[in-house]
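Open your viewer and keep the selection tool handy. We will walk through one model, stop by stop.

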Amino acid sequence: MTVIEQDTPMITVIGLDGERLGEQAFAAIAEATCVAGAERHLDAVALPDGARRLPIRNLADALKELLAWEKGPAVVLASGDPGFFGIVRALREQGTDPRVLPAVSSVATAFARIGLPWDDAVVVSAHGRADQGRSARRALAAALAHPKAAILTAPGAAEPGAFLPDLLRADREVYVAQRLGTPDEAVTRVAKTADTEREWARPNVVLAVDPDRAIAPAMTWMPGHQGAPDGWALPEEGFEHRGAMITKSEVRAVALAHLAPRPGTVVWDIGAGSGSVAIECARFGAYAVAFEKNPGDCRRIRRNARAHGVVVDVHEGRAPEVLAEMAGRPAPDAIFFGGGDDAVVAAALRHHRPDRVVAALASVDRICPTRDALAAEGYTVSGTQLQASRLAGLPNGSLRLAAANPVTLVWGVRGGRPGGA
Ligand SMILES: C[S@@+](CC[C@H](N)C(=O)[O-])C[C@H]1O[C@@H](n2cnc3c(N)ncnc32)[C@H](O)[C@@H]1O
């Protein structure tokens with residue numbers, strides 16, 4: 001057995017959660033010649049006389065100074081567990097080998113305050129080094145697709161206000177846990193009618209819980225989304241549907257491959273019929289939105305989604321008009337067109353600009369207009385005709401091939417190779 005010992009670590013990272021520090025942390029601070037951290041963390045501990053106080057305002061600048069420090073051991077103060085969405089990653093990336101003395105993560109504390117287990121929660125960070133808006137959208141999509149979520153918020157585009165309206169609209173119980181472990185800690189349950197644009201004390205974590213699924217039905221073995229579902233391109237019998245109004249399994253398989261649904265993505269299913277495509281996308285962890293003009297089909301989509309244990313946001317109405325309801329809502333990463341006409345495709349692409357588009361066309365007349373509409377919006381376009389002949393039995397027990405109607409799939413990828421990338 002190898003015991004990892006760090007006799008004289010040059011950098012000790014100490015997590016703070018408002019509780020009293022342990023002996024090791026006190027000793028590390030007493031020996032430190034440089035203590036780095038956010039101002040609020042530096043204010044929370046007594047620094048030794050003569051130690052350099054290094055506020056972390058810009059992470060890159062502070063790290064540079066810290067790594068160049070040669071006058072003795074240094075301490076970095078951080079929130080909660082610094083190995084969980086914290087500074088340990090950045091220090092390691094710089095090639096250092098810090099000693100880490102963690103405290104309780106803000107996520108663990110927030111769930112503890114509302115008395116829920118969190119091993120079945122998806123935890124998403126909306127902190128984005130490059131593109132804050134994109135990080136926030138991805139975090140929201142993952143939270144909307146999962147019954148229990150924690151969002152690590154960030155100043156700017158990822159404040160609680162960026163998440164609350166959609167989470168409340170999706171009937172989640174929503175909490176904003178502010179300044180945990182400090183004297184002015186507050187965990188606020190946000191009412192549906194609340195002013196979602198109000199200012200919240202920082203730092204804060206947003207929790208979103210589907211009250212009907214607050215506890216996973218079975219003990220979870222892996223937090224968050226469980227990965228690819230236990231089956232996909234499911235048979236048509238897996239969905240209640242009206243006549244032949246369902247995208248066939250073979251076609252759905254190829255469509256799903258090009259839609260690339262996964263946690264953090266938003267997929268729209270326009271002309272959703274039974275909702276089979278939206279539901280399969282939701283099973284892969286995407287936030288799925290279905291648009292369907294027929295009220296009976298909308299009810300069926302909701303029943304199918306419930307039967308598959310996923311949530312699909314169903315919008316009843318005729319496209320493209322019904323798409324206007326989505327103004328200000330999470331933008332789609334991918335759109336599937338299962339119904340509608342050329343005007344629907346053109347309008348959706350012009351206003352929503354997803355990265356990926358797939359159209360299933362029964363009419364050959366629509367192949368060229370669909371290709372042209374995608375190309376005109378800058379997509380790299382490809383397509384294939386699918387005609388499956390399934391094995392079927394004859395009365396004498398031998399096999400025949402039962403041909404399904406051919407369907408053409410046309411797909412486009414924004415700026416990329418049509419196969420993906
Ligand atoms: C870079 S992450 C660090 C997470 C930290 N390592 C942890 O385990 O809590 C920063 C985010 O954590 C959350 N956070 C950290 N400390 C918090 C506190 N005391 N109260 C509420 N949220 C906190 C906020 O969402 C904040 O934007």
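Start at the boundary between domain 2 and domain 3, where two residue pairs are in polar contact, both at pLDDT 80 or more (a pair of N or O atoms within 3.5 Å; within protein, one must be able to donate a hydrogen and the other to accept it, and residues adjacent in sequence count only if both atoms are side-chain atoms). Color the domain 2 side by element: α6 (132–145) and α7 (164–169) are the ones that give two or more residues to the side touching domain 3. Helices (H or I, at least four residues) and strands (E, at least two) are DSSP runs, numbered from the N terminus. Of these elements, α6 gives the most, with six residues.

A word on what you are viewing: this is a predicted model, in which local features need pLDDT of at least 70, side-chain atom pairs count only at pLDDT 80 or more, and totals for chains, interfaces and linings use all residues. Residues are numbered from 1 along each chain as its sequence is written, and side-chain values use heavy atoms, with hydrogens and water left out.

Now select D166 and R329. They form a salt bridge with the closest N and O atoms 2.6 Å apart (a side-chain nitrogen of Lys or Arg within 4 Å of a carboxyl oxygen of Asp or Glu). The count of such bridges between domain 2 and domain 3 is one.

Next, select E240 and R300, whose side chains meet in a salt bridge at 3.8 Å, N to O. This pair links distant parts of the chain, 60 residues apart: E240 sits in the loop between β10 (204–209) and α8 (249–259), R300 in helix α10 (295–307). R300 is buried at 15% relative accessibility, while E240 is partly exposed at 35% (buried means under 20% relative accessible area, exposed over 50%, partly exposed in between, with a 1.4 Å probe and protein chains only).

What does S274 touch? Among its neighbors are E240, H241 and N304, not counting residues up to four places away in sequence (contact means heavy atoms within 4.5 Å). S274 lies in the loop between β11 (266–270) and α9 (276–283) and is buried, at 2% relative accessible area. Its side chain reaches the backbone nitrogen of S276 at 3.2 Å.

Finish with R366 and D342, a salt bridge at 2.9 Å between the closest N and O atoms.
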